[in-house]
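Subject: Structure handover

Hello,

Here is the structure you will be working with. Please open it alongside this message and follow the residue numbers as you read.

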Amino acid sequence: MQKCRYYEIEAIEIPIVYNKYGDYDPNGLLYVLKKDADREGVYSFQDMGDTRSGEEGTNIHGLFGAIAVEEAGATFHDTRTGKKINYGTKAVIKRPDGSSFREFTLFVHDFALLFDKDGKALNPSEVPGSHDDPGVMGINYRCEPMRERLKNHSDPAYVFSSFVHGDPATPILETYPSEELMIRLLDGAHEEQHAFNLTGMNWKREVSDPSSPDVAAQTLGISEAFNIHVTKQYAPGDYLYYFGGIDDAWLGLWGIIRVYGHSKRHLKSLCSATGQRKIFYNHHGDHDPDGLMFVPLEEADKVLSEKYEPKPLILRANAGERKGLINSKDI
C-alpha cells in the first residue's frame, strides 16, 4: 500500500497583474499551498462553488490550480538553481534511472475580468449578470494582447517579434536544443474550447502509445488536462506557441519556447553537448583542426573560446545504476 500525504490549501484574494501594460484583476483569487504533499496523477482543482461566468463567480477571478505528480522516486528541481522544490509552474524532473526532463505547466483561462492601467474595464458586461461573454483571457494569469502591440500602428507582420516589441508577458519556456520537454496543459476557466498549437515541434497524440500519430495541436475544455511530451530533436531559436481561436490570439494567448544555442548562467542544462574546435596534441603545434569532444553544456562557451584544456568526458556511476546520456549537438 502506497504512503500518501494530503494537500492543505486555502484561497486568498489579491490583485493579479496580467502584463506590463497594467491590465489587472482587482478581485483576483488564488489557491495557496499551506502544506506540501504528493499523490500519484495529474489533476486540476477548483472550488466549484460558483461556476457561473458572471462577476460573482470564483473561477473567473483565477481560483484554480493543479497537482502534477511524477513517477515514484522522481525529484523536482528549480530550473535556475537546481535546488529541490515542491511547487511551481517550471521544474526539472529527475527520474530514478538518472534521466531528466523539463516540465512546464500552462493554465489557459477565459472571461478574466481585467481593468487597464487607468481602471477602465476590458470588455465589460453591458449589465451585471449579463449572459454576454465578459472580460478577456490569460495563460497563468498573464496575457500579451495584440491591441497593445499594434497601438502605434506597428506593422502587424512583426506582432510576435521580440526584437520589435520585447518579449511577451506570457510564460517564456526556456530550454536547450533537443532536451526532453513535458508541457502539462490545463484549462482552468471558464467556458470556451481552446486549441493549443506549437510551431516547429510535435508530439505523440497518446503519450503512452509510441505508434499513435504525431500532432502539433491539442484542443481542450474546462477542467481538462493533457500532456505535451516532446522527445524529438529541435534546434536553437524561438518557437511560437499559441491558442488558435482568433479571439484567443488577439487577446494575448500566445508565448515563446526559447531554445538557447549556448549555455546560459540562469538556466541549468540537462545533458552534455558536442563541441568542435581545434585540438592541440602537444606544444610543437600538432593539432586536429576539426576536433570534436563531449563537454558538459555549462562549459560549452569556455571550450569554444579555447580557454579550456581538452580532455575526454568521463561519466561515473556505481554498479547497477542506470545513467542517461543525451547528446545535444551545438555546433
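Below is what was found in the structure, from the whole chain down to single residues.

Overall picture

Please keep in mind that this is a predicted model. The protein has four helices and 22 strands. It contains 331 residues, and 44% of them count as buried. Its exposed surface comes to about 18300 Å², of which carbon and sulfur atoms supply 51%. Among contacts between residues at least 6 apart in sequence, 64% join residues at least 24 apart.

Strand 13 covers residues 194-198 and runs antiparallel to strand 16, with four bridges joining the two. Ala 195 has Thr 219 in strand 16 as its bridge partner, and Asn 197 has Ala 217 in strand 16. Strand 13 also pairs with strand 18 (residues 237-243), again in the antiparallel sense, over three bridges. There, Asn 197 stands opposite Tyr 242. Four of the five residues of strand 13 are buried, so the strand is mostly covered.

Strand 12 and Met 182

Met 182 lies in strand 12, which spans residues 181-189. Is Met 182 buried or exposed? Met 182 counts as buried because its relative accessible area is 8%, and buried means under 20%. Leaving out residues up to four places away in sequence, Met 182 touches Phe 101, Arg 102, Glu 103, Phe 104, Asn 227, Ile 228 and His 229. Met 182 and Thr 105 are 77 residues apart in sequence, yet their C-alpha atoms are 8.5 Å apart in space.

Salt bridges

The count of salt bridges comes to 13. Three of them are described here.

Arg 184 forms a salt bridge with Glu 70, and the closest N and O atoms are 2.9 Å apart. The pair links distant parts of the chain, 114 residues apart: Arg 184 is in strand 12, and Glu 70 is in the loop between strand 6 (64-68) and strand 7 (75-77). Arg 184 is buried, with a relative accessible area of 6%, and Glu 70 is buried at 12%.

Glu 180 and Arg 95 meet through their side chains in a salt bridge of 2.6 Å, N to O. Glu 180 is in the loop between strand 11 and strand 12, while Arg 95 is in the loop between strand 8 (90-94) and strand 9 (100-112), 85 residues apart. Both Glu 180 and Arg 95 are buried.

Lys 232 forms a salt bridge with Asp 214, with the closest N and O atoms 2.5 Å apart. Lys 232 is in the loop between strand 17 (225-230) and strand 18, and Asp 214 is in strand 15, 18 residues apart. Lys 232 is partly exposed, with a relative accessible area of 40%, and Asp 214 is partly exposed at 38%.

Salt bridges with shared partners also join Glu 70, Glu 103 and Arg 184 into one network.

A surface patch

Tyr 158, Phe 163 and Val 164 form a nonpolar patch on the surface, with about 410 Å² of accessible area together. Tyr 158 sits in the loop between helix 1 (146-149) and helix 2 (162-165). Tyr 158 is partly exposed, with a relative accessible area of 46%.

Regards

Technical notes
Residues are numbered from 1 along each chain as its sequence is written. This is a predicted model: local features need pLDDT of at least 70, side-chain atom pairs count only at pLDDT 80 or more; totals for chains, interfaces and linings use all residues. Side-chain values use heavy atoms; hydrogens and water are left out. Patches are made of residues with over 30% relative accessible area and no salt bridge: like charges are joined within 9 Å, nonpolar side chains (Val, Leu, Ile, Met, Phe, Trp, Tyr) within 5 Å. Accessible areas come from the Shrake-Rupley method with a 1.4 Å probe; for residues, only the protein chains shown count as cover. A salt bridge is a side-chain nitrogen of Lys or Arg within 4 Å of a carboxyl oxygen of Asp or Glu. Buried means under 20% relative accessible area, exposed over 50%, partly exposed in between (1.4 Å probe, protein chains only). Two strands pair if DSSP finds at least two bridges between them. Contact means heavy atoms within 4.5 Å.
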